Amino acid sequence: MTAQKDPYTYHEGFGNHFSSEALPDSLPKGQNTPQKCPYDLYAEQLSGTAFTAPRTHNQRTWLYRIRPSVVHSPFQSIENPLLSLKGESTPTQLRWSPFDISKENEDFVQGLKTISFSGDPSTGNGLAIHIYTANQNMDHKAFYNSDGDFLIVPQQGRLDITTEFGKMMVSPNEICVIPRGIRYSVTLPDGPIRGYILEIFGQTHFQIPDLGPIGANGLANPRDFVTPQANYIKENNVEWKIVTKFDNKLFVAQQQHTPFDVVAWHGNYVPYKYDLSKFCVINTVSYDHIDPSIFTVLTAQSTVPGVAIADFVIFPPRWAVAENTFRPPYFHRNCMSEFMGLILGDYEGKIGGFAPGGASLHSPMTPHGPDTKAFESAYNAELKPMRVGDHTQAFMFETSLLLKVTPWALHTCGKVQEDYWKAWAQLESKFNA
Ligand SMILES: [Fe+2]
């Protein structure tokens with residue numbers, strides 16, 4: 001399972017300091033802010049961390065552009081009641097049938113709907129989980145998120161994303177991260193789109209996890225992350241709308257020039273994408289079901305060592321070879337919140353009910369595990385080496401925070417499966433004294 005053909009070229013590597021030029025010698029030599037920049041471009045710094053963040057965490061990029069971003073009209077608020085940080089908490093296991101793509105015209109920004117959240121962008125602490133759906137291109141409209149980073153997980157349809165840094169094409173079974181503040185516009189080469197977004201608030205950014213005893217290679221390898229190359233539009237007197245999500249509300253400003261006029265840039269605060277089929281899967285070759293942290297693609301760490309504000313975890317196609325082992329996910333109660341989605345296929349822990357474009361949420365200390373059919377099947381299975389997860393891709397956003405659920409997700413979207421609890425109701429005692 002690989003991504004569809006991608007028309008764009010990229011820089012390779014995770015966390016690199018890149019230099020990117022759309023015109024020869026368009027980056028200043030030996031300094032960031034010369035009196036006059038090459039091609040008479042404007043210099044603009046985009047900071048993703050505090051100026052004084054430790055060098056290992058410090059992220060910023062210098063942009064050299066035709067007009068500076070500051071040239072725009074004042075912001076005005078836009079209504080979007082579905083982008084909401086109001087909600088209620090429930091310990092009940094939740095599962096949603098696939099979310100509908102609206103029949104009304106909506107673009108990527110208009111189709112953002114918050115499902116679940118914890119914390120608050122104004123204090124820079126927490127996260128939100130959104131669903132996006134869209135059937136229209138963003139036309140002379142750019143978006144940036146003032147609140148945090150978006151990790152975007154397409155489930156249906158490619159996203160052709162023009163960013164200030166260049167272009168990237170993101171297919172289902174790929175993900176992209178667009179850090180806070182970076183402007184972009186989404187068009188739909190395949191028609192209607194649907195997918196999931198994990199947003200982390202504040203100055204925390206995603207990183208690839210430490211590998212410990214695994215060694216220097218494996219899981220998501222750094223070279224498989226790719227970043228757009230500088231590419232600018234030269235346009236005069238064309239009206240653009242700049243929309244921002246600011247304190248989880250939308251605001252719009254107008255300007256008479258494209259925001260995609262960056263001729264050159266250098267730095268390490270960049271958008272990137274990753275093809276999930278490139279994940280190098282590590283797992284047991286002897287016995288027992290290993291904790292799903294072994295499948296972590298990206299993590300956003302809290303200040304407590306080893307505790308994530310959010311992990312992005314996948315359940316990729318692989319071999320299962322464990323001996324004398326109940327192979328599916330075990331029954332468990334977790335101090336973390338687990339939000340799951342399905343990109344395609346069937347998830348190994350649930351047979352039916354969990355469909356691509358749907359979701360589930362298991363909150364802290366809420367019990368869950370394989371449903372009755374999955375349990376019985378694995379309990380009686382002949383344990384020979386077998387393929388697991390072919391033609392599927394399930395994922396989890398796992399967080400140490402307790403998530404609230406919005407009224408839209410819990411009530412008005414009409415997708416909550418009220419009988420989800422019955423998935424386990426038939427599990428009977430097998431106790432034999
Ligand atoms: Fe779980």
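**Entry 1: surface and overall form**

I looked up the accessible surface of the protein chain first, and it comes to about 19700 Å². Carbon and sulfur atoms account for 51% of that surface. Accessible areas come from the Shrake-Rupley method with a 1.4 Å probe, and for residues only the protein chains shown count as cover.

I noted that this is a predicted model, in which local features need pLDDT of at least 70 and side-chain atom pairs count only at pLDDT 80 or more, while totals for chains, interfaces and linings use all residues. Residues are numbered from 1 along each chain as its sequence is written, and side-chain values use heavy atoms, with hydrogens and water left out.

I then checked the dimensions. The C-alpha atoms of the protein chain fill a box of roughly 85 × 45 × 40 Å along the principal axes. The radius of gyration of the protein chain is 22 Å, which agrees with the value near 22 Å for a compact globule of 433 residues. I wrote down the rule: the radius is taken over C-alpha atoms, and the globule value is 2.2 Å times the number of residues to the power 0.38.

**Entry 2: elements, burial, contacts and charge**

I found two helices and 28 strands in the protein chain. Both are DSSP runs numbered from the N terminus: helices are H or I with at least four residues, strands are E with at least two.

I looked up burial next: 54% of the 433 residues count as buried. Buried means under 20% relative accessible area, exposed means over 50%, and partly exposed lies in between (1.4 Å probe, protein chains only).

For contacts (heavy atoms within 4.5 Å), I took those between residues at least 6 apart in sequence, and 78% of them join residues at least 24 apart.

I recorded 35 positive and 43 negative side chains, with the centres of the two sets 2 Å apart. Lys and Arg count as positive and Asp and Glu as negative, while His and the chain ends are not counted. The place of each charge is NZ of Lys, CZ of Arg, CG of Asp or CD of Glu.

I located serine 116 in strand 7, residues 112-120. Serine 116 counts as buried because its relative accessibility is 0%. A polar atom of its side chain lies 2.9 Å from the backbone oxygen of lysine 404. A polar contact is a pair of N or O atoms within 3.5 Å; within protein, one must be able to donate a hydrogen and the other to accept it, and residues adjacent in sequence count only if both atoms are side-chain atoms. Leaving out residues up to four places away in sequence, serine 116 touches residues including Ala128, Ile129, Leu361 and Lys404.

I found alanine 409 in helix 2, residues 407-412. Alanine 409 has 0% relative accessibility and therefore counts as buried. Beyond residues up to four places away in sequence, it touches Trp96, Ile115 and Val416.

I placed leucine 63 in strand 4, residues 60-65. Its relative accessible area is 1%, so leucine 63 is buried. Apart from neighbours within four places in sequence, its contacts include Tyr42, Leu46, Phe165 and Trp265. I also looked up its distance to tyrosine 347, 284 residues apart along the chain: the two C-alpha atoms are separated by 43 Å.

Glutamine 255 belongs to strand 18. With a relative accessible area of 2%, glutamine 255 is buried. A polar atom of its side chain lies 2.7 Å from the backbone oxygen of histidine 257.

I looked up threonine 392 in the loop between strand 26 (386-388) and strand 27 (393-399). Threonine 392 counts as buried at 7% relative accessibility. Its side chain reaches the backbone oxygen of glycine 389 at 2.9 Å.

Leucine 219 sits in the loop between strand 15 (193-201) and strand 16 (225-228). Its phi is near 55°, a positive value in a residue other than glycine. At 5% relative accessibility, leucine 219 counts as buried.

Asparagine 248 lies in the loop between strand 17 (240-246) and strand 18 (249-255). Its phi is also positive, about 60°, although asparagine 248 is not a glycine. I noted 4% relative accessibility, so asparagine 248 counts as buried.
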